[in-house]
Amino acid sequence: MELSSWTDRDREPEPDADPQQLGWLVALASISLGYPKDFPMPCASGLMNPALVGKGCLVSLQTLSGKPVVLERVPCLGSRGDENRTGLIQFHFHLLSTLPEIQLLIFLAFLLMYLLSLCGNTAVALTVCTDRSLHTPMYFFLANLAVLEICYSSVIAPLALVNLVSGRKATISLAGCGTQMFFFVFVGGADCVLLAVMAYDRYVAICHPLRYTLIMNWKVCACLVAGSLVLGFLLSLQLTILIFRLPFCSTKEISHFFCDIPAVLRLACINTRVHQAALFIVSVTVLTIPFLLICLSYVFIVAAILQIRSAAGRCRTFSTCSSHLTVVLLQYGCCSFIYLRPSSSYSPEQGWVVSVVYTFVTPVLNPLIYSMRNKELKDALSRALGRKMLSQG
């Protein structure tokens, strides 16, 4: 059997190495690392040599039908003994299409959605701030949601647009990728928690109208928004640090248009079961628990609405909740599809499509949904536009 392996000194193995003994050593190392026998290793079916962990080296096992076992050296970037080189690590994003015409069409669509998102959410936030009739807790939360949507899309869109317009694979450093992931999880997590806060606000307004101003005072509202941001920040910080302490393989292509967590984890050289578990815990915290609280709030809201005798009153009350419910289904549905499914069933193609919905489409739809379904906000936007036109005339 032909055998070749390397250490830092590129030393050849002993020529009389026992193949059977080598097989036992490989199996033992695999078991010690927690890999099952048929585990699809991320580095071309790689196996970490524990003796070389601190040296940034990876020993890879490749078994071909009818072929000898070959051990080969694969660079493992960002390992614990390679901290001084982490600044040199460059990832690149997978192209959404290899055809320039399709790339251009995707670029124009993304650019249009991004600009509409910026304009729509900025208009909502400024209108709520400037119109005194909208200085209520519901619109305070809505203005904060609009600001988060601006930040959310701005974390992803600029780099994705550069990648599309360049016509080649755009690169991002390890630090840049970590920064993008941190702000994406931070803003996205705060966004999901804030939607649950808005559901609680609607519950208090409909089920306890006489005590609404007492319960939802400005101090409570500010604390709820601050709590959403702090929770998103802490979860994002811990998850990002955990993931970017991983050693990454020489294959540095992220199968996505941004540094999404499942796509980055696929580049790790070691078993990521602990990191997958951490991602699941964070997803449950910012997706499942808030969504269950939203569902519970709407159970009480629907029960209160059904007690209203007039049909007009029921429709008017439900209209204040329908826009929020629509946004919740869009946001939580897409995010749950990506982050609450088993990692073994993750598909990059499905990830691209669903990610486009919650990073580009949802930030565009949110201001449209709220403005079309909310008469007070629609009237305030009309007054603001009217004043703008009169001032210019």
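Biologist: In what order do the strands of the open sheet of three strands stand?
Modeller: The model is predicted; local features need pLDDT of at least 70, side-chain atom pairs count only at pLDDT 80 or more, and totals for chains, interfaces and linings use all residues. Residues are numbered from 1 along each chain as its sequence is written, and side-chain values use heavy atoms, with hydrogens and water left out. Strands are DSSP runs (E, at least two residues; helices are H or I, at least four), numbered from the N terminus, and two strands pair if DSSP finds at least two bridges between them. With mixed pairing, the order is S5-S4-S7.

Biologist: Why is one side of S5 and of S7 left without a neighbour in the sheet?
Modeller: Strand S5 (171-173) and strand S7 (253-254) stand at the edges.

Biologist: Which residue in S5 is the bridge partner of His-92?
Modeller: Strand S4 (residues 90-93) and S5 run antiparallel, joined by three bridges. In S5, His-92 has as its bridge partner Thr-171.

Biologist: At what angle does helix H4 run to S5?
Modeller: Helix H4 (residues 174-207) lies across S4, S5 and S7. Angles run from 0 to 180 degrees between N-to-C directions, with axes fitted to C-alpha atoms, for helices over the stretch in contact (heavy atoms within 4.5 Å). To S5, the angle is about 85°.

Biologist: Is Thr-240 buried or exposed?
Modeller: Thr-240 belongs to helix H6 (residues 218-243). Buried means under 20% relative accessible area, exposed over 50%, partly exposed in between (1.4 Å probe, protein chains only). At 10%, Thr-240 is therefore buried.
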